[in-house]
Amino acid sequence: MGFYQKEPVTAAKCKAVYLWTGLGTPGVFHVTVEGDAPNFSYGFSLVRDQHFVGGLKIDSMGWTGPRAEGTTAYSVQGSFPGQFVPKIVISGSNGDFLVDVEEIPHNKVDDYVKSKAS
């Protein structure tokens, strides 16, 4: 039986991009998290911490169990609407990490999305 829990993250491989959608409307954060989870882990997801005040905090979650020796590399992405902040918090079982947010202006969003699709 697996347990739903925070998974370890590799802070250096976490990335956050803010996509501006236009004047007077909030944009979207596109967040990518990578890490090495204990064997056997699966069902990774990014979940917004609804109780965090003062910005955006994302928890890296997954199902783990039954446990075994070793680790499995994982990568997960998610999108979260909101007001721009220059740094967000990525939270894993090994701690909380501040990540700089890269901004994509509204007139470059289409090019960014197309580059990620290919």
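The side chains of Lys15 and Glu102 come together in a salt bridge, with 3.9 Å from N to O (the term takes a side-chain nitrogen of Lys or Arg within 4 Å of a carboxyl oxygen of Asp or Glu). This pair ties together distant parts of the chain, with Lys15 in strand β2 (residues 15-19) and Glu102 in strand β6, 87 residues apart; strands here are DSSP runs (E, at least two residues), numbered from the N terminus. The model is a predicted one, where local features need pLDDT of at least 70 and side-chain atom pairs count only at pLDDT 80 or more, while totals for chains, interfaces and linings use all residues. Residues are numbered from 1 along each chain as its sequence is written, and side-chain values use heavy atoms, leaving out hydrogens and water.

Lys15 is partly exposed at 38% relative accessibility, and Glu102 is partly exposed at 37% (buried is under 20% relative accessible area, exposed over 50%, partly exposed in between, with a 1.4 Å probe and protein chains only).

The structure has five salt bridges. Another one pairs Lys57 with Asp96, at 3.7 Å between the closest N and O atoms. Here Lys57 sits in strand β4 and Asp96 in strand β6, 39 residues apart. Lys57 is buried, at 13%, whereas Asp96 is partly exposed, at 47%. Asp100 and Lys87 also form a salt bridge, with closest N and O atoms 2.4 Å apart. Shared partners put Asp49, Lys57 and Asp96 into one salt-bridge network.

As for strand β5 (residues 87-92), five of its six residues are buried. β5 pairs with β6 (residues 95-104) in the antiparallel sense over six bridges, where pairing calls for at least two DSSP bridges.

Definitions and conventions: Helix = DSSP H or I, 4+ residues; strand = E, 2+ residues; numbered from the N terminus.
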